[in-house]
Amino acid sequence: MGASNMLQIGLSGLLGAQRGIGTTSHNINNINTEGFSRQRVDFTARAPQYTGSTFLGTGVEPGQIRRIADDYAITEMRASASNFNQVNNFYEKALRMDSLLGDASSGLASGMQSFFGAVQALSAQADSIPSRQVLMAQSSSLVQRFQGIERQFTQQRASLNLELRESANTVTSLARNIASLNNQLAQYTNSGPGDLPGDLLDKRDKSIQELAELVGVQVVPQDLNQVNVYIGNGQPLVVGSKNFTLSTRTSDADPTAVGFVLQTDSASLDLGRTLTGGKIGGAIAYSRDVLEPGINRMGLVAIGLANEFNQQHALGVDLNDQLGGRYFTDVNDPVIAGLRVGGFATNTGTATMSVTILDTPANPIANLTDSDYELRYDGTNYNLTRLSDGNVQALPPTFPGTPVDIEGFRLTVTGGAMVSGDTMRIQPTKSFAGQMRLEITDPRQIAAASPIRSSNAATNTGTVLFRSVEVMSTSTPAFTTTPGTLTPPLQIRFVAPATAATLDYEVVDATTNAVLGTGTFNVGQDNDVLSGAVPALDVTMGYDLKFGGTPRIGDSVDITYNNGAVGDNRNLLQLVAVQSAEVLDGGYANLGEAYGTLVSKVGSKTAEAALNRSAGETLLRQAIDRRESISGVNLDEEAANLIKFQQAYQASAQVISIAGQLFDTLISSVR
Amino acid sequence: MRISTNQFRLGGLNAMLDLQQLLSRAQQQVNTQKRVSTPSDDPVAFSLISNYNQEIANAERYNANISAAESRLGLVETSYAGVTNIFSSLSEVALIGSNGALDPDIRKTYANQAELRLGELLGLANIQFAGSEYLFSGSKTDTVPFARAANGSFTYNGDQIERRLEVASGVSMAIADTGFEVFQNLKNGNGDFFAAHAPANTGDAYVSPGNVSDRTSYNTNPTDSFQITFSAVPGGGFTYDVVNTTTATTVVSAAPYTSGSAIEFAGRQVEIFNTPAAGDSFTIAPSQPQDLFTTVQNLANALRLPRTTATETAAATESLARSITELDRATQHIEGKRAEIGSRMNAIDNDKEVNDSLIISSKTSLSKLEGIDLAEAISQFKQLETGLQVSQQAYAQVQNLSLFNYL
């Protein structure tokens, strides 16, 4: 063995230590590089030299620089990131709505309370203009709350659309990165068996990780160290060194929503809103589970309020002795009714339709749901799908010729016709919370009084007790023939024959004195005097009268229009009752409860999301931990390595130096 | 397990972030003293909280209505007390005035006094709440309920709509009475019939207001009128016939007359005093509506009636006796109304108590649901604060540990 051999060995050690120091420095300096995996140099002994009798060592071979990584840990981190970002995005969006709806100053519950409180307060002093102004102010503040919440919903919808569009752009650019890294890695692999650049693999993993934060991905390893990336239900996003483009476009079904489109070489795949996982999945789930049902439910509550309050308000008389006008916007305003139905962008037919809210005994407003519907025409049948649960019903063959009554609403074709394959989107309750306005402008227009006055004749000798009047409709001829008077005014006259328990009475047209009908009055009981004399006279007239007491023959009661009854609060008491009337959700919920359903739904969705979020966060942290524990840089370890390689370097240098001395000794001895 | 440097940092950092989150939540709870401030804090509790809040608000609204009702009912009560006073003093006036020996001038001053009282009565009937709301005009609260017409009669300009307020869930209470019911809808005479002498009588007999002696018999023809006619009996004394003038049938025929003894027919009973002239008659007609003001006016008129002849004195005595009956009935009527107001005020007091205890129990449940145990919350807050400080110290110390420090 010669000194030159020693020099070679020393040199190999020197180079090996240098490479070790280099790799350690690389590790130390990338300590804060996201996605970086620590690297190690594998040292091997060089092939020995056979001297004929033995093998002589030839030094160290500074082998591959190995990237310390574990595919399983990386895959797990990806999946956890998708999951966490999905629930986190959902949670953050839901939390905003949660605090909005529950807040006393912006939520509807306290607004509704103040509004009906003002109605109640006015009932103590129905003629007070200041109290009427308070009610007007509370009414417009209630309308503003509806609009405020609706605006929050629609703003969330708009920003969600924007978020989806930007996410699609980011997904595409990440896909481009991955494809390009795939390409580089394939080239290195093709260029021969050798080391793979760990930093490139890290970069690709980091891009895939970022992609997974946006949307759920499936990663499938391919030859040449490439990976394919799929999103959704196996739609390809990256295939080898090729990537496809994800973009958004306005949904066919709903012009206010965007859906995803994946443009591949061969086709344009309409993904709509089917993507799951990541921020995109969270946004889609939020929109589907909270936002859209929320908008619909706010609309349902607004429709319930406007419909019930308007109906009762119309049954009263205001300070100007006129029948109550529209208090809130008419739920069946023709323009609004038309906005509730829209054709798909793909439709080829010309049909336009409208949806009017029904509140008939056969189809009460309680039947109205907060779901959207889709009406599809297949050339023979019109099939209506309720989107909340997918229930499909075929419309009767009379449609579209005759309007069809569905759950609490009537669908009318207002023009054109559907052709086979057309679909209409029907949104009965959407947007009304934003469309509703306060219609009355003058506090005198609040219809506090009942339109019916009953006056006992001063000459009565018996006792006629006026029990109640229930006004059912003010659109009957009795009220409409001459506004401000009852046509005809009625007189109830008590006539013979009489017994101790009963006497007869006549219902008389007070203008012509014509007897409309005769009935029997039960003394001491409550008697429906109109329908008791002429069947359904109460329906014809639009009001129902109840009398009790002990009338005597010759007694009479005049029924007239209630002019000048400024302190009459009877209609206000009925308006107060609108608050507690269980008219919505199948007749089991009053207005507050129907809104409460929304609040508690958003509340429990948010609470659920909070739980999911913290579980997801724990899983993500564990996955990050696992990867860090395998691939992360430990500075103490690197410092130790640094010392180790420094010492090795010094030792190898010493070897060279000794080899030099040996050479010198040899030279000097021959000199 | 191998730990990377970043893991050290992240572990410490995450611990601090988590603690900060808990700390901010605890701080919020201590600040608001509420456990539940958004629906997601506890969806079930939140919906219960909304219900309780609504119940409290409703009960408070009912209490506001109750105080509105109480203040009106109080004024109504005051008015009725005044009316009762007026009628008791008028009853005195009528009794003194009916003393035949009274000096005519003094009787006239009593008549004037009665008329003054009439003005007071009108004032009480036209009483206003808060200076703007007429309490006795039904729902026409802006209309003066009673006015004197040019012909001296009194008209009611209100209506017969009773104003009610909700004082508890589903319970409404009348907050005033209509003037029709209180001041107007009374009857003259004894309330069933009106007994009077015929204007053409020449004797000095007069009739008492009478009463119904047999209600069943009376009820068979309550709206019929009768006439009692006297005939002289040769040799002194009188007999009387009673004719139902509505059906033109004679009910009593030639009954002997004794001054002051009861004359009974068709369930009705009157007494006739003194000596009639032959042919004198008395009518018994069904009572007609008469308002309280006319009742008082009639008293004043009766006190002013001339008493120069025996016939005139008889007429004046009869009128005063009738006025006394009418005043009694008016007093009873008002006392009845007053008692009704009293029971209404009792009822709303009860309602108020129920509302108040509902408010208290709802608030108790509410604080159990949304409130926090402050001591516990503060100790938890302190604990978290200490935890965070410890985490921060540990983090700083761990970050100082590095082999590089020794190189």
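A:Phe663 lies in helix α14 of chain A, residues 635-670; helices (H or I, at least four residues) and strands (E, at least two) are DSSP runs, numbered from the N terminus. The model is predicted: local features need pLDDT of at least 70, side-chain atom pairs count only at pLDDT 80 or more, and totals for chains, interfaces and linings use all residues. Residues are numbered from 1 along each chain as its sequence is written, chains are lettered from A and ligands numbered from 1 in written order, and side-chain values use heavy atoms, without hydrogens and water.

A:Phe663 counts as partly exposed because its relative accessibility is 47%, the class between buried (under 20%) and exposed (over 50%), with a 1.4 Å probe and protein chains only. With A:Ile667 and A:Val670, A:Phe663 forms a nonpolar surface patch of about 300 Å² accessible area together.

Chain A also meets chain B. The contact (heavy atoms within 4.5 Å) takes 62 residues from chain A and 48 residues from chain B. The buried area, the accessible area (1.4 Å probe) lost by two parts on being put together and summed over both, is about 4500 Å², and carbon and sulfur atoms give 50% of it. A:Gln113, A:Gln120 and A:Arg621 supply 12% of what chain A buries against chain B, more than any other three residues.

Three salt bridges cross this interface, each a side-chain nitrogen of Lys or Arg within 4 Å of a carboxyl oxygen of Asp or Glu. B:Arg2 forms a salt bridge with A:Glu637, the closest N and O atoms being 2.7 Å apart. On the side of chain A that touches chain B, the elements giving two or more residues include α3 (108-123), α13 (591-631) and α14. α13(A) gives the most, with 13 residues.

Conventions:
Patches are made of residues with over 30% relative accessible area and no salt bridge: like charges are joined within 9 Å, nonpolar side chains (Val, Leu, Ile, Met, Phe, Trp, Tyr) within 5 Å. Accessible areas come from the Shrake-Rupley method with a 1.4 Å probe; for residues, only the protein chains shown count as cover.
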